[in-house]
Amino acid sequence: MAFWPIYLTGGDDMNYASTRDRKQERLYSLPEAMMTALAPDGGLFFPVVIPQINNAPLGQCSSFVEMAFEVLHPYFEDSELESSLPEICMDAFSFPVDLKQISPKTTVLELFHGPTAAFKDFGARFLASAMDRLLELSGQRRTILVATSGDTGSAVASAFHGKKNIDVKVLFPKGRVSERQRIQLTCWDSNVSSYEVDGSFDDCQAMVKQAFMDPGLRGLASANSINLGRLLPQTTYYYFASFSYALQAGRMPTIIVPSGNLGNCTAAFMAQIAGAPIERIVLATNANRSVEDYLEKGSFEPRASIQTLANAMDVGSPSNMERLMYLYPDFKDFKSQIKAFSVSDEEIRATIKAVYDETGYVMCPHTATAECVRRRDLGDREAIVVSTASPAKFNHIVEPIIGRQLMVPSQLESLLKRPCKAIAIKADYHELF
Ligand SMILES: *Cc1c(COP(=O)(O)O)cnc(C)c1O
């Protein structure tokens, strides 16, 4: 496979600022942004400029890792991590990325071949590798707090497990994750502890936010999708997918992203702004419709999360809305750039079944929201459907729909055999310390 080379315009140092500091008065380096959860003003870190990329041929890139390095390098320029970026990319992206055409209209971008079988492995592994190197350099230690609606926690636990300078506390909502997800969240030991919170994902997320705002607590770091170190690596596969598609098809793809906390789609918009050949980015959500409501009403109202079959997207108050609104501050702009469509559980089931009957391909419930949007809202137009998790992680939902058993991916099989341990707590962040 051939790619295009990437040329950068501008040569200034790469800096980062808070989404609440529009004038960009206070600048941060990338290591600062990665090691601090939130900016001191409560905003989220974002690049001051998104490096522009030219679409001239990048024939030299022979692998995903090489291309990821090219794409990420400008963000790391002149930082302490610049020289280790090739190794970080090799460490982090140690599994395949697949772009599969499953029918004349649907090409699936499979992002679930990592150790925990969901796309969050990309961001979590990259962040773990980068943070570990930074802490090694400075001789420090940190505790990662991570709230999860399902897949984040296991990806973060797996990525950070065994890292020398980092402890991890994973918070997940009791009774709202699948059995296999629960095992993957609680099968760790040594530097990783798991907390089963009597509350929703939003409660877990609020607890993490409160802990970060508590001046009495020191040495905390974040690995949620609010961390820029998770977001940047997620831009890489949008280049891979759009360049590969554009080469093959001779036109730019529409990409449909199953969305919850909006980190993955924010990465897609960043890639598009940087010049990746993407025609349009469309968000698919489950019944949690805060983005759709914003598009209709023009005012953003966080909501309580609703439980759905696509549980990793059960987010009523998506953190990365702040980044999307920072990217597109004008409502008209926001509305013209960002399309979002909500999908019901019934439609998720029907889509899994229809795709299986028509093509033999099995989708997880999250991926099915995107395919449903392609069929229902995009006039059955051709698109890349982002596949965020392996269907085998959601076997209890998928198997009854397709009427057969799914093979367990080998990486999951070995995790599922480990002993599990969780600490039950109330939805109060003081119980974590
Ligand atoms: C986290 C997750 C999503 C949602 O991604 P966001 O970046 O939070 O929008 C979708 N599908 C799966 C399987 C996930 O784990």
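Analyst: A note on the basis comes first. This is a predicted model: local features need pLDDT of at least 70, side-chain atom pairs count only at pLDDT 80 or more, and totals for chains, interfaces and linings use all residues. Residues are numbered from 1 along each chain as its sequence is written, and side-chain values use heavy atoms, with hydrogens and water left out.

The side chain of K120 places an N or O atom 2.5 Å from an oxygen atom of the ligand. G260 uses its backbone: an N or O atom there lies 2.7 Å from a ligand oxygen. T388 faces a nitrogen atom of the ligand, with a side-chain N or O atom 2.8 Å away.

The search runs on a 1 Å grid over the protein atoms alone; a cavity is a set of points where a 1.4 Å probe fits but cannot get out, and lining residues have an atom within 4 Å of a point. Points are joined across faces, edges and corners, and a volume is the space filled by probe spheres set on the points. By this rule there are 4 cavities of 30 Å³ or more.

The largest cavity has a volume of about 270 Å³. Its lining holds 25 residues. Nearest its centre lie F119, K120, G260, N261 and A312. Three helices, α5 (151–160), α8 (228–249) and α9 (263–274), each supply at least two lining residues. Helices here are DSSP runs (H or I, at least four residues) and strands are E runs of at least two, numbered from the N terminus. By class, the lining has 9 nonpolar, 13 polar and 3 charged residues. Ala, Val, Leu, Ile, Met, Phe, Trp, Tyr, Cys and Pro count as nonpolar, Asp, Glu, Lys and Arg as charged, and the others, Gly among them, as polar.

L262 sits in the loop between β9 (254–258) and α9. Its phi is positive, about 70 degrees, although L262 is not a glycine. L262 is buried, because its relative accessible area is 2%; buried means under 20%, exposed over 50%, partly exposed in between (1.4 Å probe, protein chains only).

The second largest cavity has a volume of about 80 Å³. Its lining includes S149, R176, F201, Q307 and D314. The classes there are 3 nonpolar, 5 polar and 2 charged.

Finally, the open space. A pocket is an open set of points with protein on both sides within 12 Å along at least five of seven lines. The largest pocket has a volume of about 360 Å³. Of its 15 lining residues, T36, F212, L217, G219 and L220 are the closest to its centre. The lining divides into 10 nonpolar, 2 polar and 3 charged residues.

Definitions and conventions:
Polar contact = N/O pair within 3.5 Å; in protein donor to acceptor, adjacent residues only side chain to side chain.
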